[in-house]
Amino acid sequence: MTWNSWFSHGAPTAGFTGGPSIVSRNNAVCNIYVRGGDNALWQKAFFNGAWHPWGRHNDGAVLASEPALGSMGPNHEHIFVRGTDGAVWSKAWNGAGGWSGWFSHAAPVAGLTGGPAIVSRNNTVCNIYVRGGDNALWQRAFFNGSWHPWGRHNDGAVLASEPALGSMGANHEHVFVRGTDGAVWSKAWNGAGGWSGWFSHGAPAGGMIGGPTIVSRNSGVCNIYVRGTDNALWQKAYFDGSWHAWGRHDDGAVLASEPALGSMGPSHEHVFVRGTDSAVWSKAWSLVPTVILHLKVLTNPTSFTVDQMVASMRDVYASRGINVAVGSRETLDLPLLTDVDVSTCIMGTTTAEQNQLFANRNGVGANHVVAYFVRSTNPPGNGCAAHPAGRPGCVVSSTSSSWTLGHEIGHVLGLPHVSPSDRLMMGNGTWNITNPPPDLIDTERATMDTSPLTVNI
Ligand SMILES: [Zn+2]
């Protein structure tokens, strides 16, 4: 999991006011929308694998806020803005029909401050939320095929920013705002349980400018992003069932707007901001090739612990951008096997003994790799790699080097032996590995990356 570098998308010829907004209606399309310096709507689209030039929506609309974007399906997207009359207006795009005309949603009786925010938790529901003129949260809902009246959330909350909306599932949505204490607050709705109370997420050290933005790239993850008072990007993440601490993106970026967040798939998210050069900039979080390793210990190694062997492997693989994830660890007791001795350990072979050993995958996925730690092998002190009956894995003897595990998994991923002793895949003599590289070289990395046993997560 890594972030790529910031990338400039330029700006409309008219320039733009405020920050960008984005939407991905499916995993192959992303659209950036801004309020142009001429108060028209401007758009820059990613499709067919490339970004296309900025274009102006020549539909007569005069925007009085940044646009808010949403999608109710893979071929639908809609745009909501504040009009010059103080009402919320929207228009929608759907593949065959193109763009609709603009449609007024009016405004709460208290009016609204700033622009609208929207969310669709599934393809039949859309909710508009605004910060009312009374600083309460106001909502207008689309469900059962029609729009319903504006309603006030009488929950005591006093908003100090526009709301930011998100969803972590078809029956979940949550709203994030800046509170009067300068912290990020949220509350969540889920069908049966209704609305939760408001919950504070605190704020970055030093505070933040403006309001929060959020994204959930899948149902188990939510990220809050804000522009810190230091104009850096700050993030607070929810994963593994809990919220984690605020962290600063120390990537040199200087933000001139709140960030806008989006996702083009369950393992992708990207952040868009206005840079100090008044262009739109983005960076994306993407995947890293990962070997998912399962450890099955029949005999603990004597010279190095299993953990040390995994750490050595991880260091060398990481030097070429390949991640090692331990999927499981299990102690195996196989009394009927020639037990913990693999008397014939020959690379690539499928001896009866290896077959018996490798049969113990115990639910491990077909594209995962198993390492069996045994007492001895023949020849002694070594390991061996094998794919008996499509069960990728290796054997590591108890007297192995700390590098043996990574070496054998290298074979499993398709690497042959080499001669230089400073290479992980050295086949004879004594290792002289001085990680970092050249313990693995680029061509070896490419082979490992293309192995079906290296998954992108
Ligand atoms: Zn080898």
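Is His57 buried or exposed in this predicted model? At 9% relative accessibility, His57 counts as buried, since the limit for that class is under 20% relative accessible area. The legends below begin with the chain as a whole and then turn to individual sites, His57 among them.

**Figure 1. Overview of the predicted chain.** The chain contains four helices and 38 strands. Its C-alpha trace spans about 85 × 50 × 45 Å along the principal axes. Of the 457 residues in the chain, 53% are buried. The accessible surface comes to about 18,700 Å², and carbon and sulfur atoms contribute 52% of this area. Among contacts in the chain with a separation of 6 or more, 49% are between residues 24 or more positions apart.

Figure 2. The side chains of His57 and Lys91 are joined by a polar contact of 2.8 Å. Leaving aside residues up to four places away in sequence, His57 touches Tyr33, Ala40, Leu41, Gln43, Lys91 and Trp99. Gln43 is 14 residues from His57 along the chain, and the C-alpha atoms of the two residues are separated by 7.5 Å. The relative accessibility of His57 is 9%, so this residue is classed as buried.

**Figure 3. The hairpin of strands E13 and E14.** Strand E13 comprises residues 112-122, and strand E14 comprises residues 125-132. The two strands run antiparallel and are joined by six bridges. Two residues lie between E13 and E14 in this hairpin. Leu112 of the pair stands opposite Gly132 in E14. How many of the eleven residues of strand E13 are buried? Eight of them are, so E13 is largely enclosed by the rest of the structure.

**Figure 4. Glu173 and its contact with Arg121.** Glu173 belongs to strand E19, which covers residues 172-178. With a relative accessible area of 1%, Glu173 is buried. A polar contact of 2.8 Å links the side chain of Glu173 to that of Arg121. Not counting residues up to four places away in sequence, Glu173 touches Val119, Arg121, Asn127, Tyr129, Gly166, Ser167, Lys187, Ala188, Trp189 and Trp195.

**Figure 5. The zinc site formed by three histidine residues.** Which protein atoms are the donors of the zinc ion? They are NE2 of His407, NE2 of His411 and NE2 of His417, lying 2.0 Å from the ion. The sequence spacing of these donor residues is H-x3-H-x5-H. His411 is buried, its relative accessible area being 8%, whereas His417 is partly exposed, with a value of 43%.

**Figure 6. Cysteine residues without a disulfide.** The structure holds zero disulfides. Cys126 is buried, with a relative accessible area of 0%. Cys394 is likewise in no disulfide, and the nearest cysteine sulfur, that of Cys384, is 7.8 Å away. The cut-off applied to a pair of cysteine sulfur atoms is 2.5 Å. Cys394 has 0% relative accessibility and therefore counts as buried.

**Figure 7. Asn144 and Asn362, two residues with positive phi.** Asn144 is not a glycine, yet its phi is positive, at about 50 degrees. The residue is found in the loop between strand E15 (137-143) and strand E16 (146-147). Asn144 is exposed, with a relative accessible area of 73%. Phi of Asn362 is also positive, near 55 degrees, in a residue other than glycine. Asn362 is located in the loop between helix H2 (352-358) and strand E34 (369-374). At 47% relative accessibility, Asn362 counts as partly exposed.

Conventions: Residues numbered from 1 in each chain as written. Predicted model: local features only at pLDDT ≥ 70, side-chain atom pairs only at ≥ 80, totals over all residues. Heavy atoms only, no water. Buried < 20%, exposed > 50% of the residue type's maximum accessible area, 1.4 Å probe, protein only. Pairing = 2+ DSSP bridges. Donors = N, O, S within 2.8 Å, 3.2 Å for Na, K, Ca; no water. Polar contact = N/O pair within 3.5 Å; in protein donor to acceptor, adjacent residues only side chain to side chain. Contact = heavy atoms within 4.5 Å. Areas by Shrake-Rupley, 256 points an atom, 1.4 Å probe, with all protein chains shown as cover.
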